[in-house]
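Dear colleague,

Here is the structure I said I would pass on. My notes on it follow below.

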Amino acid sequence: MTDADVHPAVQPATQTIAAYRKITWRLIPFLCLCYLAAYLDRINIGLAKLQMANDLQLSETAFGLGAGLFFVGYILFEVPSNLILQRVGASVWIARIMISWGLLSAATLMVQTPSQFYALRFFLGVAEAGFLPGVLFYLTRWYPSWRRGRIIALFMIGLPLSSLIGGPLSGWIMTHFDQLHGLRGWQWMFLLEGLPSVLLGLMTLWVLPNGIAQAGWLSREEKACVQRELDIDELEGRESKHRLRDGLLNIRVLMLGGIDFSILLSAYAMGFWLPTLIKQAGVTSISTIGYLTAVPSLAALVGMLLIGYSSDRMRERRWHIIVPFIIGAGAMAASTFAGHSVLATVLLFSLAQAMIIGAVPVFFSLPATFLKGTAAAAGFALACSVANIAGLVSNSIMGLALDLTGSSSGAMWFFAVCLLLSSLLVVALPARLVNR
């Protein structure tokens, strides 16, 4: 056995780099675009609320419940969806997910009562369940653990891009299409932003191969280089668990779910409610609010790329999560003192998103360091299911806080404390296991 068979550092470097460059350009931009569409269809309700709440007579609490019901459907179907994906292949199942959520998101334009709003949000969650953990599991079939931090960051920039592009776009649609052909601006927004997901879903059937063997655009030598790295990663992770029960009955998976729960408490508070907070700070134009929500999203995009790159370069995961959590918690707490300043509100939430959202790709590189195969598929989904309870909790807490006190301060302090507590869970993860 030669050195090249033992460690990736001495593999034929040029061929390996060329193979991964080709894989990245083929898969990641498309997957990023899909994630952008998914997250936009999930959070554009936050800007739609500025018109929709009055039209449907929704209180802050009722809106929070409706926004949160998305996550009930999402949570219930997350694990089954990912297990089906492993069985039928990523191409078919991700296409199914995207087409169904795109159609349901567009159908929101027909909502006329609060009960219809609640029902549609629930079924939208059912339709989208499994997309994120499914893609994360899919990437483990292409990239070894030491390459995933940067790759997951590149894929997940679709999250901040959805607000960076979607905020101004949604505000423009709601302003300029309002009352066109008798439809309100928010109705046009759901229609025009839902249909691209359907088109991307159809494209998925042709764009995504289920694995290396089906990638006709890789040469035999390139496939061998990639497979060699995956085999080495498998050898280094020989302590990893493979069975279904190892993914579902695993204390570390539950710990990851708790960490992600804290991330999503803050992320959804900012994603769903930032337009409302900017409006409370004194901005009345929906179009202007749309542009201002893009600023924190740009900061999150930069944070994801820098933190993900640094984590891969140093092959260190834990402190690349803990330090951003501490800074992000501080920014969210400080925002409670800046409610009447548009500039301070935007800047503090920009810092919070750069840190909290910036740590997300590093976090999502962790499950595959100790889970493989069916256990990884189930573990990814279970961690996401536990975490997405935060969507219901976050929206409900924010709605109640605004209805009862007229301020989001109590909710923001709660979210900040949760981030600090979850840092202790990150410390509890064994460094030798996750720093691969």
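**Rings, charges and one loop threonine**

The charged end of Arg147 lies over the ring of Tyr20, at 4.2 Å from the ring centre. A second case of this kind involves Arg96, whose charged end sits over the ring of Trp93, 4.4 Å from its centre. Please keep in mind that this is a predicted model.

As for the overall make-up, the protein chain has 21 helices and 0 strands. Of its 436 residues, 60% are buried. The accessible surface of the chain is about 16,600 Å², and carbon and sulfur atoms account for 68% of that.

The structure contains 18 aromatic pairs. One of them is formed by Trp142 and Trp217: the ring centres are 5.9 Å apart and the planes are at 10 degrees, which is under the 30 degrees cut-off, so the pair counts as stacked.

The last item is Thr108, in the loop between α4 (90-107) and α5 (114-128). Is Thr108 buried or exposed? Its relative accessibility is 6%, and since buried means under 20%, Thr108 counts as buried. The side chain of Thr108 makes a polar contact with the backbone oxygen of Ser105, at 2.9 Å. Which residues does Thr108 touch once its neighbours within four places in sequence are left aside? They are Met52, Leu120, Trp186 and Phe190.

If you open the model, the places to look at are the Trp142 and Trp217 pair, the Arg147 charge over Tyr20 and the surroundings of Thr108.

Regards

Notes. Residues are numbered from 1 along each chain as its sequence is written. This is a predicted model: local features need pLDDT of at least 70, side-chain atom pairs count only at pLDDT 80 or more; totals for chains, interfaces and linings use all residues. Side-chain values use heavy atoms; hydrogens and water are left out. Rings of Phe, Tyr and Trp (its six-membered ring) pair if their centres lie within 6.5 Å; planes under 30 degrees apart count as stacked, over 60 as edge-to-face and the rest as tilted. A charge sits over a ring if NZ of Lys or CZ of Arg is within 6 Å of the ring centre and within 35 degrees of the ring normal. Helices (H or I, at least four residues) and strands (E, at least two) are DSSP runs, numbered from the N terminus. Buried means under 20% relative accessible area, exposed over 50%, partly exposed in between (1.4 Å probe, protein chains only). Accessible areas come from the Shrake-Rupley method with a 1.4 Å probe; for residues, only the protein chains shown count as cover. A polar contact is a pair of N or O atoms within 3.5 Å; within protein, one must be able to donate a hydrogen and the other to accept it, and residues adjacent in sequence count only if both atoms are side-chain atoms. Contact means heavy atoms within 4.5 Å.
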